[in-house]
Amino acid sequence: MNAGPADVAQWDHIVALAGTTRPQELLHLAPEQLLGRLFADQDLHLLAAQALRFGCSCSGERVEATLLGLGRAEIESLLAERGSIDVDCEFCNQHYRYDRVAARRLLENMGTGPLH
């Protein structure tokens, strides 16, 4: 989705306002105070604060579904080229490894055909 001229103008306005803050304000003002100062001419409605937590949604089942989506030929090609299939989650750094035996089990879900 492309930003329109109004979006660009709003962004430029926010950047200009943010550029007026001093380091001391950033360090010592509560977020509500800082926003109130920066956007004094706006009708602000702040949402309730929520604690942030990390939760990666990767799982062995999702990785297997992704591999199955590649198709039998691609899985077999990867095994022939590398001897195993390694998948790393870029969010949580979880490592998933499929050797020939694990890949064979995975391919059983796809139907019949030789695994080279």
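Predicted model: local features only at pLDDT ≥ 70, side-chain atom pairs only at ≥ 80, totals over all residues.

Is Val63 buried or exposed? I looked up the relative accessible area of Val63 and got 11%. Buried means under 20%, so Val63 counts as buried.

**Around Val63.** Val63 sits in helix α4. I skipped its neighbours within four places in sequence and found Val63 in contact with Val87, Tyr96 and Tyr98. I also checked Val63 against Ala16: they are 47 residues apart in sequence, and their C-alpha atoms are 44 Å apart in space.

**The core.** Next I asked which residues make up the largest nonpolar core. There are 12 residues in it, and Val63 is one of them. Others include Leu67, Ile75, Leu78, Leu79, Ile85, Tyr96 and Tyr98. Two or more residues each come from α4, α5, β2 and α6, and α6 gives the largest share, with 4 residues.

**Helix α5.** Which residues of α5 are buried? My list reads Arg72, Ile75, Glu76, Leu78 and Leu79. They lie on the same side of α5, because they cover an arc of only 160° around the axis. On the face turned away from that buried side I found the exposed residues Ala73, Ala80, Glu81 and Arg82. Then I looked at what covers the buried residues of α5, and the cover includes α4, β1, β2 and α6. After α5 comes Gly83, with a positive phi near 85°.

**α5 against α6.** How do the axes of α5 and α6 cross? I took α5 as residues 72–82 and α6 as residues 100–108; their axes come within 11 Å and cross at roughly 175°. An angle over 145 counts as roughly antiparallel, so α5 is roughly antiparallel to α6. On the α5 side of the contact I wrote down Arg72, Ile75, Glu76, Leu79 and Ala80, and on the α6 side Arg100, Ala103 and Leu107. Sorted by type, the residues of this contact are 5 nonpolar and 3 charged, with no polar ones.

Notes
Residues numbered from 1 in each chain as written. Heavy atoms only, no water. Axes fitted to C-alpha atoms, helices over the stretch in contact; angles between N-to-C directions. Parallel < 35°, antiparallel > 145°, perpendicular 65-115°, else oblique. Contact = heavy atoms within 4.5 Å. Nonpolar A, V, L, I, M, F, W, Y, C, P; charged D, E, K, R; others polar. Buried < 20%, exposed > 50% of the residue type's maximum accessible area, 1.4 Å probe, protein only. Arc of directions from axis to C-beta. Core = buried A, V, L, I, M, F, W, Y, C linked by side-chain atoms within 4.5 Å.
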